[in-house]
Amino acid sequence: MNVIFVHGALVRDGAWWWQKSAELLYDRTGIRSTALALPSCGETAPDETGGGLVADAAALRAELDRQGEGGAIVVGHSYGGTVIAEAGSHPAVAHLVYVSSYLPDIGLSQGAIMRGESDPVSIGDNGDGTLGVTGYDAASFGARFLNDADEQTQQQAWQRVTAQAAVAFMTPTTAAGWQGVDSTYLVCGDDRSTSLDLQRWHAARATRSVELPTGHHPFITRPDLVVGQLQALLAG
């Protein structure tokens, strides 16, 4: 069994975001994990960035192709859930885990999902085919996205904020990879980025949901809670 972590939008260095949970998972179970590199965030070849959501989904499918049948748990954070949807069904997927994320219908883009938020994250056009967060500095970004993390972690996270291909937000999904797959949704009860209403709406589509007393990134601030859920799935 392998665990594949898919990070959210507008950040890079996926391995850093998942490191605490990945290390704890290995310590407790001996199971290794993979942090997927997203082309739309510039984490692979520069000429792949413009592929947006389609390129990200292809990267996930390529990683799943390396797993045996039923050999992977895929964990998607925020935008990562939309990547899972677009990747479609795959025989390697045993379980899906969503962290403050999305289970979108076919034809729904990431931008359309976010449009319903009462207090949306401020995102601006960089004028080069990419989007980026606007109006934030390390402190305000930390207060919104990592409100339950210490200042050093907030600073490290801010250093990994990046531009992302605009088409990652504009492309409607053509598949719904979450359908027909056993899934667990982790609702983040103190999330100041994704509203509880939106989380709970998507959580209702999962097989089961659990509410955690955390901000938007529990795999950083409370890896014990996230890994505990993964252990429960692995135990069957």
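How many salt bridges does the count come to by the rule used here? The count comes to 7. A salt bridge is a side-chain nitrogen of Lys or Arg within 4 Å of a carboxyl oxygen of Asp or Glu. Some of them are stops on this tour.

**Before you start**

This is a predicted model, in which local features need pLDDT of at least 70 and side-chain atom pairs count only at pLDDT 80 or more, while totals for chains, interfaces and linings use all residues. Residues are numbered from 1 along each chain as its sequence is written, and side-chain values use heavy atoms, leaving out hydrogens and water.

Helices (H or I, at least four residues) and strands (E, at least two) are DSSP runs, numbered from the N terminus.

**Stop 1: the parallel sheet**

Switch to a cartoon view. Find the open sheet of 6 strands, in the order 2-1-3-4-8-9. Its pairing is parallel. Two strands pair if DSSP finds at least two bridges between them. Now select strand 2 (33-35) and strand 9 (208-212). These are the edges: each has a single partner strand, so one side of each is left without a neighbour in the sheet. From one strand to the next, the twist averages 20°.

Zoom in on strand 8 and strand 9. They pair in the parallel sense over 5 bridges. Select Tyr185: its bridge partner is Ser209 in strand 9.

**Stop 2**

Arg208 is in strand 9, and Asp182 is in the loop between helix 7 and strand 8. The two are 26 residues apart, so the pair links distant parts of the chain. Arg208 counts as partly exposed, at 34% relative accessibility. Asp182 is partly exposed too, with a relative accessible area of 25%. The cut-offs are these: buried means under 20% relative accessible area, exposed over 50%, partly exposed in between (1.4 Å probe, protein chains only).

**Stop 3: the nonpolar cores**

Nonpolar side chains tend to be buried together in soluble globular proteins. Here, the largest nonpolar core has 34 residues. A nonpolar core is a set of buried Ala, Val, Leu, Ile, Met, Phe, Trp, Tyr and Cys residues joined through side-chain atoms within 4.5 Å. Select Val6, Leu60, Leu64, Val74 and Leu96, the residues with the most contacts inside the largest core. Several elements supply at least two residues each, including strand 1 (2-6), strand 3 (72-77) and strand 4 (93-99). Helix 2 gives the most, with 5 residues.

Which residues does Leu60 touch, not counting those up to four places away in sequence? They are Ile4, Val6, Leu36, Val74, Val83, Ile84 and Ala87. Contact means heavy atoms within 4.5 Å. Apart from this core lies another, of 30 residues, among them Trp16, Val99, Tyr136 and Leu186.

**Stop 4**

Select helix 2 (52-65) and helix 3 (80-87). Their axes come within 8 Å and cross at roughly 75°. Axes are lines fitted to C-alpha atoms, for helices over the stretch in contact, and angles run from 0 to 180 degrees between N-to-C directions. Helix 2 and helix 3 are therefore roughly perpendicular, a label for angles of 65 to 115 degrees. Show the contact residues, including Leu53 and Leu60 of helix 2 and Val83 and Ala87 of helix 3.

**Stop 5**

Move to the loop between strand 1 and helix 1 (14-29), where Leu10 lies. Leu10 has a positive phi of about 65°, although it is not a glycine. Leu10 is buried, at 6% relative accessible area. Asp13 is in the loop between strand 1 and helix 1 as well. Asp13 also has a positive phi of about 65° and is not a glycine. Asp13 counts as partly exposed, at 28% relative accessibility.

**Stop 6: the antiparallel sheet**

Next, find the open sheet of 3 strands, in the order 5-6-7. Here the pairing is antiparallel. Strand 5 and strand 6 (residues 130-133) pair over 3 bridges. Ile123 stands opposite Val133 in strand 6.

**Last stop: Asp119 and Arg144**

Select Asp119 and Arg144. Their side chains meet in a salt bridge of 3.7 Å, N to O. Asp119 is in the loop between helix 4 (110-114) and strand 5 (123-125), and Arg144 is in helix 5 (residues 138-145).

How values were computed: Angles under 35 degrees count as roughly parallel, over 145 as roughly antiparallel, 65 to 115 as roughly perpendicular and the rest as oblique.
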